Structure formats: structure tokens, C-alpha cells
Amino acid sequence: MSTAMKTDYEIVIGLEVHAQLLTLSKMFCGCPTTFGAEPNTQTCPICQGMPGVLPVINHRAVEFGVRAALVFNCRINPACRFARKHYYYPDMPKNFQISQYEEPLAEDGWLEIDRPDGSWRRIGIQRLHLEEDVGKLVHEGPLATAQASLVDFNRSGVPLMETVSRPDIRWRRIGIQRLHLEEDVGKLVHEGPLATAQASLVDFNRSGVPLMETVSRPDIRAPEEAAAYLRAFRAVLVYLGVCDGNMEEGSLRCDANISLRRRGATELGTKVEIKNMNSFRNVQRALEFEAERQSRALEAGERIVQETRLWDADRGLTRAMRSKEYAHDYRYFAEPDLVPLRLDRTWVEEIRRNLPELPRARRQRFVTQYGLPAYDADLLTQSRALAEYFEAAVREFPNAKVVSNWIMSELLRQLAADDERAIAASPISPARLAGLLRLIDDATISGKIAKAVFEKMFRSGEDAQTIVRREGLVQVADTAALEKMIDEVLAANPKPIEDYRQGKTAAAKALVGLVMKASGGKANPALVNQLLQEKLSRMRG
Amino acid sequence: MHELADAYRRGDVTPTAAAEAYLARIEKLDGRVGAYLTVTREQALAAAKAAEGRYRSKAPRGPLDGVPIALKDLLCTRGVRTTCASKILENFVPPYDATVVERLAAAGAVMLGKTNLDEFAMGSSTEHSAFQPTRNPWDLARVPGGSSGGSAAAVAADLAAGALGSDTGGSIRQPAAFCGVVGFKPTYGRVSRYGLVAFASSLDQIGPLAKDVRDAALLLGAIAGPDPHDSTSVNEPVADYAAALDGGVGGLRIGVPREYFTEGVDPDVQRSVRQAIAVLCELGATTQEISLPTTDYGIAVYYLIAPAEASSNLARYDGVKYGLRAAGAKDLIDMYGRTRAVGFGAEVKRRIMLGAYALSAGYYDAYYGRAQKVRTLVRRDFEAAFAQVDLIVAPTAPNVAFKHGEKEDPLAMYLNDVFTVPANLAGIPAVSVRCGFSAGGLPIGLQLIGKPLDEPTVLRAAYAYEQATRWLERRPNLG
């Protein structure tokens, strides 16, 4: 970041976060929401926008929204309305999205974020509302292949929608033109006219999946704060069980508004919206780039244009979208097919009573109750499943720091992620981890052997005891056996003994290592050390 | 219809024979009337055969079992093309049945086919069908009214025993008046709209077109009631409409709104409706003049709200997923443009543009927002009126059926809805029944408007009037 920018300008950021809700069915119909199903197999007339269909509100989605709104300290509106937001795009079957506009589910809340120096900040949340997701556009094959089909496209015009290959895979085929600019504009710009790509397909499986949009106030003052907000936000949603928080799969999506102003100024500068950031890191990088770009522009006396820019992670820069791609008049109006949604006070209070302990509170408790360092507490509370795993293991093996070390260094290294799904699928349960740790504690096995046992447990799903017993990994603490081993090592290694005799005491350490190695790691290191010292002093004497 | 069911029960006629007779009549006469867009012969005969089995085993499903009916081609029918009389859906075959279609099938009704309409129900003459005009059985040179003109003409010409239509601003009642049949628009939410291709969601209601009031009550009883698929459907039990018919109008307070009897109303219509009011008085009702001051604004409000909602509802017809897709497009935007240019007719385009304008940023408050406020005033007018009276009587339309091509000016056409639109804006039930003929021999409609969910009173008064008069004896002569 340039020095000019650090001193002269203040960065102002607001985030809009879309979270896919973990309901079993879609926002307005009964279709399942499972990720990764065959294209268009999780659809019905309603989420495909057939003529004559009507939406019905998924009350589970409303409950999830209320949970989040309560945790974000929002004012929950006793009655809210859905509204239609219009724009034409092939991934949107009705060409309007049922969202909320003038009367959202909740307003005026906040989320607290921690800063690296231990202080915290409160970021305002302007509104929280529910809406439905759209379908998904996919290229027909890689763009390079599509180019080969150029002739087909030109001859037949826009290809007709059709059913391809298997009858259960019902891709909708549509003409491609500007559709993919969002994802691929860089490539397309360089590959010449857009007419080179031949077709696009729409998968409506995602169409109608419940989304919760949360708009923060422009309270964020640095790119890393934006990332911290997002991390805290994600942790809360995952804790509440309302979203799986997976940014790469698109369950959590973030758009940012960023502007700069002279330090001390009270008015906001012209803002720029940034889209297409699919990780915490990319959000931070994009905002850093954009802050820098804007400060340079301002320094050069240029005016910032209010626009939408796309983050290009490969090239590490933001790029303006063409105005046609986002200049919409959404023509909002109240959804006439749904009656106003009234939220029963007692129901909201019941939801409040059943809220789980949240990450920040839990993190603090981990420090005070278990005496964990802040770093450990922070990491262990990133997901509810992980925190619960930790607590379950500590109940069985009450040395919190040891449990924490093993989870952070071994378990998380083996698991694909720290989310609910990954933790639940762990072949090593908290009880089994505790079992392993007990074996170290009572000197049955060494720490080094334990790591190997852990890996075997992870692969086979067996408990530590079984593996240790079958593979004869029990630590050798038999003095006679150890003495025999030491004698053999001493006989085979005259050089270190000579060194030791000449006063190089460090040579003893090397000899311990050699004995450990000879025992296949099974020797009790303390005992080996003691016996070796005795023998060496006798040799010297 | 009810006579047919009686005949089935006695064994005088079988459902198959009835269905065959209707299909033969359609074949013979519909070339001239143009009521049907699709005739579902096979399905009809299969359904009739099943009904016949039930009568034979003395287990008919009720008064509609085996009765041949027609459906406005705006109601989704699984496996049977549903065009909305639009090119854009010319070959659209829905994968599901509308709730009302399911309910009629469950009652044993036999679907003869799908009837013509103004494209997407936008019109008052059925001239705006993309496929064919429908002719008025009383005078083939004239329109049957609209938009449910196909259903009204089918019932009037006895090409179906009964039919369903939809009414957004008068689309059941006005064609019922023009064709001399009974047309009932229920309370908003009384009948599920699931599977009715939406024109204006906050105004649309499905209802029956029938030969007499009893038939209308039977059809309404079969389709009314809450539906989990329609969040706007009213969660109240359905009254036994047929049982509510008897009882007369003794003591009923009837309001006569002065705004509905103005100079613009055809003298024949005025005279017939006044005579009908006199009949109701003779039957024991009391009348009083009332005022519905917002009547004049009805059309303006309607022609903002309905097109606004239509512009949104019709956005989905874009050539991407189903229906027509125009060829030769050079890119996506061009494909949208061409598809909609070729697929929609002029009237539909006009309303989409009106509606999109009314909803657009900067104009919303002045148009759509204002219209919603006035709509509330219209509703309050009726609430105030119903504090004094039980029922309101009025002409259904200011005139009788006009000639094809007579109203080419859209505004003149829109004004034809002046007396029907208010009930849609207020969401209240209303029926049109035959109350006489013009000098030229064309039927005239009497409109009875009731309180929300007070279908029984509306039907009871209509039935009492029908029983006391002999208008139904006259039939159109189609040779």
C-alpha cells in the first residue's frame, strides 16, 4: 500500500453477503437443495418458472433468517413482505427474483470483530433479507472446443433448447453471448468476438435455493477488517447451522462497496462495487488493490466513477464491467402471489431461547475455562463442530493444551476442512483421540509412535489400543532388554564413545538417538538416557 | 348440467353418449363459433367411460360426475397443450394440472377441450386471440365478449354443459352477459389460482360459466376452497352453494349505485336492469340508492395495476426454457427481443409496455404507487356500501355485444370493463345473469355484487331472480 494512501485517505468499506441457507427444500417450492446433483434433476414447475405456478414460503428459511437476525442484534420486523426484482438473464427462470425490498425481515444490527491487537470493533448491519437463488450457467465444454463449433453456431443461429444425452440430465441449452462475461471476460476479450462460444447451458438445480442477504453499514475501515468481518460472519452462520459457509462452492458470496475520503472528512466518497471474490483472501486482495487504485486516481486528480468492477484473481486486479451488464431498473414491487409474512413474537422468542453459544463467547470461555492461548481458542472455535470435538475430547482427557495441540497439528492436517461435514466424517472420534493421548500419558507409547498410530487410526478407523497391541508398539521399559540394545549400539559405534571420553558430552545425545532408532522408536527415551549415562560413566571410570 | 347428472342417475343417458353428443355438436358447429382451441376427444371419451362405470356401480362421485365441461386455455392441463391463445405458448404442454383442473377431475367432470380467449386474457372481445376469433352464438357477426369468450360461447351454443373462465377485470362476467349465460367471479382467494397462467396476480380469479345459477353453484362448489399451493387462497371452509340457492330474497337489502346508471349506458341495458330490480323488489327485497364515488377511477387504476403485474408475470416468456424461440438471433438480447416481438400480439405488448413504465424508477410513485392507494379507496367504497346493504345490483356491461372490429380503439375497449373492474379491485364476489334482450335480440347481463366470501347470498339472489323470470327459455339459433 502506498504511503500517500495510508496517511491521506481513509478507506470506507461496506459488504453485502449472500448466504445459501441449509434448508432441506428450496425457498418457494419443495425441491431438495442438495449440492452436486445431476443438472436439472432437482427442479419442478415452480423453480423452473413454468406458466401458472405460485410460490409458497419455506418457513424453515424464515426461521434461519430470524436466528441470524437475532445473533446480529437486528430489529426483526413483525411483518415483512417479499418483492419482485426484475432483470433478464437466462439463469433466472421467471426473469424476476423473489426478494425483499422495502420491508425486509430485519434491520439495524451489528457484528463485533476482533482486531489483531486484541481490540474489537462493532460493524453495523443495515438489513437482512431473504430471497431465492438463481440457476447456474455452464459452458458447453471448454471455450477452446466451443470455438471449433463456430460454424454450427453461425448456421443455426441460437441453438434450440434441448435434452442432451441421458434423459435424467436435462441441460437447458441457450445462446451464449454476454452471459459469461462475469466469469470469463478476460479470456473472451482476448479471444476475439463473443460469437466464438457456441452454447451455454442452464442448470436450475440451484434455482430457488433460499438465500439470506445481509448488508453491512459502511463501517469497515480496512481490507483486513473486511476479511475479519467475513470470517466472523461465516463463523456465526456456521455455528447457527444456517449456512455451511463454503465460499468456493458459492454457499457464501460477498460483494463489496469501497470508497476513499480524505482523513477527517465526514461525507462519503464515490463508491465502487466489487464482485467476483470467492474467498476471504480474495476479498482482502481485491479491496487492497481497489484502495490503491482509487488513491492513485485521486492523487492524480481524477474523479472516481461509480461503477461495478470485477475482481480478476488470476491477474490480481479489478476491472470495470460494461455498463450494460449491470445498469438495471429492477422495477421492484410487492410480490402479489405472497401475503405479508407476520412473525409471531412468541415464536421469535422461542428461537432466541434456543440459540447456541456463539464463537466469540466460546472463544473467551476456552481461554478462561481451559487456560488455552488465544490463538488456540480462536482456531478451535472457527466451527461449532470443531469446538464441540475439542470439548468432547477434553472431557475424556482433561489436559486441554495437549488435546488442542493434537487437534491443531494432527487432526486438522488430516481433515479436508473444519466444517460440520468434515468433523462428523472424521474416522477418529474425540473419545478415540483421548484414548491415544492416554497411552502417551501412561508411557505405553512415545509421542513419536503416537503420531504414526494416529495416522493409522485415521486410515483404518481402529482405536489406538488395537493398533498398538497388534503392531507391538508398546514402549520398551524393560531394563535388561534396553541394556542389551545399548551394548549393541556401543559396540557398533566406537567413534561417539571416543568423543565422549574426550569430554564431548553432546556425543551422549547422539548415542541416545541411535538406541531409539535401533528400538524402532519403542524404547522409553528417559530410561535409555539414564542407562546410557550409567554405562558411559563406568567406561570413563 | 344438473339435468344431465339427473339423467345419468336415472339411466336415461350415459356419460359416454353425452360426451359423444357434445363432441359431435362441436364438430358440427364450432367451425362457425370458434369457441375451442383444442378438443380433447380421446381424454373426454376415456373420462366419460370411467364415469359411466361409476354410475353403473351406483357410486357416482357427485353432481359433476360425467358432466362434459370446457376449460379456458389459460388453465394448465397436464399433457394437454395450454396456449393462452398466444403464439409464444403455441406448443406449450404443461407438466402439471392446475388445482381447479385436479378438483374437477376428482369430481368426475369430463374435459371436452380448451377454449379460446384474448391472448393471456387481455381483452374484452376474444378478438385478440393469436389463433382465431370467437363468434357470439346469438349473432355470429358479433363478439362473445372477453376474455373468456370461448368458454362463454361454448356454454351459450351448448358446445359444453359448463365451463371455467378467469376474471381479472370482468373476463367472466362480461362475456357471460354478451352470450346470455351465468358467469360467476368469486371472492379473491376463494378459488386457488395455482395453474392459472397469471395475467394480473392480485386481480385474477377463476370461476364458472354455466347455463343457469344452479350449475354455476355446483361448479363453484367443486373448485372453491383453500389450497396449500396458493398462499393467497382464503383459509375458510366452503359453504354448500347449491343448498344455499333456496330461501329467496325476502328482506334482502339491495343497493343500486347511482354511478352505474349514467348516460353512457345503453338504454336497452338500463331498462332491463331496472326491470330486474323491480322483480327483486316484488320478490321481497328492499332497494336503496347508494353511491360508489370512486367508480370513475376504476378503469384508470385497473389499467395501471393489471399491466404492471402483467409486465412482470409475462417476463418469463423469453425463449430460453419453453415455448417459442425466434430463429436467426445474433445474440442473447436479440433472441429475447425477436422471440417476444414475434410471440406476443399487439395488445399484450401494449400492456407490457404500459406496465413496465408504471413500475419503472421515477414513475412508480406517480403511477403504480398511486394506483394502489386509489385501489384501497375503491375497497373502502364497497365496505361503506355494504354497511347499509347486503347486495349491490348493476349492469354487467354498459352495452350488449358489439360487432367484430367495432372497437379498434383500445380505450373504447377498456371502457367496456367500467362496471366489472371495481369488484376485482375490491376482491369481492359478483355474478352476471341474463336479464333480458336488446331490441336486436342480444342478451343483457344483470350484475349482482356481494360482500367478501358471501357467495351464498349472491347465488341465492341470482337464483331467485332466474326462477321468477323466463329469460332462459330463449336460445340462440345455430341451425
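Which residue in β5(A) does His86(A) stand opposite? His86(A) faces Phe96(A) in that strand, a pairing shown in Figure 1. The structure is a predicted model, in which local features need pLDDT of at least 70, side-chain atom pairs count only at pLDDT 80 or more, and totals for chains, interfaces and linings use all residues. Residues are numbered from 1 along each chain as its sequence is written, chains are lettered from A and ligands numbered from 1 in the order in which they are written, and side-chain values use heavy atoms, with hydrogens and water left out.

**Figure 1. The three-stranded open sheet of chain A, in the order β5-β4-β16.** The pairing in this sheet is antiparallel; strands (E, at least two residues) and helices (H or I, at least four) are DSSP runs numbered from the N terminus, and two strands pair if DSSP finds at least two bridges between them. The edge strands are β5 (96-99) and β16 (333-334) of chain A, each pairing on one side only. Strand β4 (residues 83-86) of chain A is joined to β5(A) by four bridges, and Lys85(A) has Gln97(A) as its bridge partner in β5(A). Two bridges connect β4(A) with β16(A), where Phe333(A) is the bridge partner of Arg84(A). From β4(A), Ala83(A) and Lys85(A) point one way and Arg84(A) and His86(A) the other way; all are buried (under 20% relative accessible area; exposed is over 50% and partly exposed in between, with a 1.4 Å probe and protein chains only).

**Figure 2. The nine-stranded open sheet of chain A and its strand β12.** The strands follow the order β2-β6-β7-β11-β1-β12-β13-β14-β15, with mixed pairing. At the edges are β2 (75-76) and β15 (317-320) of chain A, each of which pairs on one side only. Strand β12 (residues 252-262) of chain A is mostly covered, as nine of its eleven residues are buried. Eleven bridges join β12(A) to strand β1 (residues 9-20) of chain A in an antiparallel arrangement; within this pairing, Arg261(A) in β12(A) is the bridge partner of Glu10(A). β12(A) also pairs with strand β13 (residues 272-277) of chain A, in the antiparallel sense and over four bridges. Ala256(A) stands opposite Ile274(A) in β13(A), and Cys254(A) stands opposite Met277(A) in β13(A).

**Figure 3. Aromatic pairs in chains A and B.** A pair of aromatic rings is described by the distance of the centres and the angle of the planes. Over all chains, 31 aromatic pairs are found (rings of Phe, Tyr and Trp, the last by its six-membered ring, with centres within 6.5 Å; planes under 30 degrees apart count as stacked, over 60 as edge-to-face and the rest as tilted). Tyr370(A) and Phe390(A) form an edge-to-face pair, 5.2 Å centre to centre with 90 degrees between the planes. This pair links distant parts of the chain, 20 residues apart: Tyr370(A) belongs to helix α10 (residues 359-370) of chain A and Phe390(A) to helix α12 (residues 384-396) of chain A. Both Tyr370(A) and Phe390(A) are buried. The pair of Tyr317(B) and Phe344(B) is edge-to-face because its ring centres are 6.5 Å apart and its planes lie at 85 degrees. Tyr317(B) lies in the loop between α9 (298-313) and α10 (332-343) of chain B and Phe344(B) in the loop between α10 and α11 (346-359) of chain B, so the pair ties together parts that are 27 residues apart in sequence. Tyr317(B) and Phe344(B) are each buried.

**Figure 4. Charged side chains over aromatic rings.** Arg122(A) lies over the face of Trp110(A), at 3.9 Å from the ring centre. In chain B, the charged end of Arg81(B) sits over the ring of Phe131(B), 6.0 Å from its centre. The criterion places NZ of Lys or CZ of Arg within 6 Å of the ring centre and within 35 degrees of the ring normal.

Figure 5. Val182(B) counts as buried because its relative accessibility is 2%. Val182(B) and Pro208(B) are 26 residues apart in sequence, and their C-alpha atoms are 8.0 Å apart in space.
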